[in-house]
Amino acid sequence: MKNITVIGSGTMGNGIAHTFAQHGFNVSLVDINSDALGRAMQTITANLYRQVKKGVIDELVKTSTLANIQLNTNLKTAAGNADLVVEAATENPNIKFNLFRQLSEF
């Protein structure tokens, strides 16, 4: 397992993406809102910076973690070659059912 897709870039999604990426996985973080993806990367970058400042990780880990994350607004592109898909979308049953319906088509 090497390619992870995380659907939803909010608090849960960006934290999940950060953790997988920091442990060497290729992560595709997907959201329908490109502004939300930008905010997610700002949060991940700030959290990595804080880890560097505390001495938990070094700059090389920070850089490689960020390189392991790709942003995407297209679910099929993001999840097409995923070994694992983690759903962290908003808590709306209609949205979740639609996501799983779309995923079942790949």
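I take helix axes to be lines fitted to C-alpha atoms over the stretch in contact, with angles running from 0 to 180 degrees between N-to-C directions. The model I examined is predicted.

**Entry 1: H2 and H3**

I looked up how helix H2, residues 34-54, lies against helix H3, residues 59-67. Their axes come within 9 Å and cross at roughly 165°. Angles over 145 degrees count as roughly antiparallel, and I therefore record H2 and H3 as roughly antiparallel to each other. The crossing of these two helices is right-handed.

I then listed the residues that meet. On the H2 side I noted Met41, Ile44, Thr45, Leu48, Tyr49 and Val52. On the H3 side I noted Glu59, Lys62, Thr65 and Leu66. Sorted by class, this contact of H2 with H3 holds 6 nonpolar, 2 polar and 2 charged residues.

**Entry 2: H1 and H2**

I turned next to helix H1, residues 11-22, and its approach to H2. The two axes come within 10 Å and cross at roughly 50°. That angle makes H1 oblique to H2. I recorded the crossing of H1 with H2 as right-handed.

From H1, the residues in contact are Asn14, His18 and Gln22. They meet Ala40, Thr43, Ile44, Asn47, Leu48 and Gln51 of H2. By class, I found 3 nonpolar and 6 polar residues in this contact, and no charged ones.

**Entry 3: the largest pocket**

I asked what volume the largest pocket has. The value is about 330 Å³. I noted 15 lining residues, of which Ile7, Ile32, Ala89, Ile95 and Leu99 are the closest to the pocket centre.

Which helix gives the largest share of the lining? I found that helix H5, residues 93-104, does so, with 4 residues.

Methods. Residues are numbered from 1 along each chain as its sequence is written. This is a predicted model: local features need pLDDT of at least 70, side-chain atom pairs count only at pLDDT 80 or more; totals for chains, interfaces and linings use all residues. Side-chain values use heavy atoms; hydrogens and water are left out. Angles under 35 degrees count as roughly parallel, over 145 as roughly antiparallel, 65 to 115 as roughly perpendicular and the rest as oblique. A crossing is left-handed if the near helix is turned anticlockwise from the far one by less than a right angle, and right-handed if clockwise. Contact means heavy atoms within 4.5 Å. Ala, Val, Leu, Ile, Met, Phe, Trp, Tyr, Cys and Pro count as nonpolar, Asp, Glu, Lys and Arg as charged, and the others, Gly among them, as polar. On a 1 Å grid over the protein atoms alone, a cavity is a set of points where a 1.4 Å probe fits but cannot get out, and a pocket is an open set with protein on both sides within 12 Å along at least five of seven lines; lining residues have an atom within 4 Å of a point. Grid points are joined across faces, edges and corners, and a volume is the space filled by probe spheres set on the points.
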